[in-house]
Amino acid sequence: MKLTDEQIQSFLINGFIKIQTNLPEHFHQTIYEKVTEAFKDGNPGNNIYPCIKELGNVFKDANVNGAIQSILGEKYFMQPHRYTHVSGNKDQSWHRDSFFGFLKEMRYHQPWNLMAFYYPQNTTTKMGPTAIKPKTQYDAIDPMRCPSHIQNINNFTSPDDVLFECEMGTVLLVHYDIVHRGTRCLSKKDVKRFLFKFLFSRLDFPSSPSWNHNPCTELWDAKNVGPLQPIIRSMWDWMLGKPVRLVPLCDDAYMQCINDLKSQAERGRQRAAYMLSCSGVYDILIDILSSNCESIYKIEATYALCSCPGEQVVCKLCKVLEEKIQQSDCFYFIYVLGSFGERARQATDLILKIGADCQCPTIKRYCCESLCSICPEANDAILNFLKDVLLNCRDVVPESNKLKDRNSPYPHARYVAALCLFRLGVNASPIVDSIIYAMLNDCNRYVNGFCLLSLQSMNTHDSKVAVEEYLNKTKGFCLKTNKRSTF
Ligand SMILES: O=C(O)CCC(=O)C(=O)O
């Protein structure tokens, strides 16, 4: 079942939606028994999926599949990372998931990624349910780190937090960047609370509504949502596959926004930045990106710029980026240009040049991502760049597969290059040999996983042979995942 307009709007505002599967009680009981059994040997980590193949039925369920399609579009995919959580005797810290510990400078306001939490048992408050801070998916401040002079309310418990008591068979779909945590189990009884976490992502930009949309709601302007209004309105337009609406500002409102850009409260700053951007006033935001101010302001301005209507902003961004080529934070510009997709075509050569000339894995990573969004049909130069990052973006200190490597920007860049090649589909086939090589030889399991997905989606003779051999060998398990190294 596809979601309705109201459900999509509520998801865009709050950052989550609760779905009930149509699967019978005994299905969830079987999953519960199987996971209890599997845990006797330790947490299977990423391998939970091949261990309990029936989990696939949760995501084939019409309600769940329909809801994911509604948010991520028809061509969504499941990421190679999965995890099973058991509630423990301590609350987790409030956190946002990060890509396996990798430091993420920028996240996404647009729903590119979703977490799906599946609960195979009735989950009461005493059993340690998941807690969520609604609306935090748009915050630039991370609850785990923030300069001390900037207000950061998200590492404290607040009355707005939602505790998810739920029935067995519930799937909670959550914006990937929302602040959440697992709470502690208060029950003395030996009833474990399991949660299966799966990640899903969209492959491309929306071109039309992918939910059960009534065209009469097209001009919904999110009037009653408070300071988040300009953000939510922009997300709604984006989800419809439409250009973001131009909303001009009167002089007083403009002056108020300029003042609010440096306000103490994050919501006020976000609103001001988006209102300026949506009114086509982008110079001041671009100035913030070029300045020496605190990164939090740059991140907020960057998110807002992604909703700037019109073509002139692309020219201006390219012009300033050209002047900034040597600077380490040019990735903010590259990120915004990527968010415009094909609208930023004129930036292709500039981004390629920056990516090829720089040594910084973080900048290379953003170049990969933006090139793939701007030019989805790819060309030789783009494929060669992605291939170079995939095969050669390595630290001088050799990587192993240990925990600390998850914090290195080098595997992260290769991981994004592999993900981009997957997004390019058959257009990546000229470099199929490199993708096969990285699937078999890269020391990072997610690089292997995304290369496998890329080869599966390419569906050429060579890719099919490689996939078949690989799956015959692995049987769908990640060979680098074990109970000492679960993800
Ligand atoms: O165990 C839970 O309820 C939450 C799990 C969690 O925070 C996570 O998977 O990131």
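Reader: How far apart do the C-alpha centres of domain 1 and domain 2 lie?

Author: In this predicted model, the C-alpha centres of domain 1 and domain 2 lie 26 Å apart, where the domain assignment gives residues 5-201 to domain 1 and residues 376-487 to domain 2.

Reader: How many residues does the contact take from domain 1 and from domain 2?

Author: The contact takes 16 residues from domain 1 and 15 residues from domain 2, and two residues count as being in contact if their C-beta atoms lie within 7 Å. On the side of domain 1 that touches domain 2, β2 provides the largest share, with 4 residues. Sorted by class, that side of domain 1 has 8 nonpolar, 7 polar and 1 charged residues.

Reader: Which residues is Ala418 in contact with, leaving aside its neighbours within four places in sequence?

Author: With those neighbours set aside, Ala418 is in contact with Leu390, Ala438, Val447, Phe450, Cys451 and Ser454.

Reader: What makes β5 and β7 the edges of their sheet?

Author: The open sheet has 3 strands in the order β5-β4-β7, with antiparallel pairing. β5 (162-163) and β7 (179-182) each have a single partner strand, so one side of each is left without a neighbour in the sheet.

Reader: How do you know that β4 and β5 are paired?

Author: Two strands pair if there are at least two bridges between them, and 2 bridges join β4, residues 130-133, to β5, so the pair meets that cut-off. The two strands run antiparallel, and Ala131 stands opposite Leu163 in β5.

Reader: Which residues surround the ligand, and which elements give two or more residues to the shell around it?

Author: Tyr83, His85, Ser87, Gln92, Asp97, Thr130, His180, Arg181, Gly182, Leu195 and Lys197 surround the ligand. The elements that give two or more residues to this shell are β2 (77-86), β7 and β8 (194-201), and the largest share, 3 residues, comes from β7. By class, the shell divides into 2 nonpolar, 6 polar and 3 charged residues.

Technical notes:
Residues numbered from 1 in each chain as written. Predicted model: local features only at pLDDT ≥ 70, side-chain atom pairs only at ≥ 80, totals over all residues. Near = placed C-beta within 6 Å. Nonpolar A, V, L, I, M, F, W, Y, C, P; charged D, E, K, R; others polar. Domains from an automatic or database assignment.
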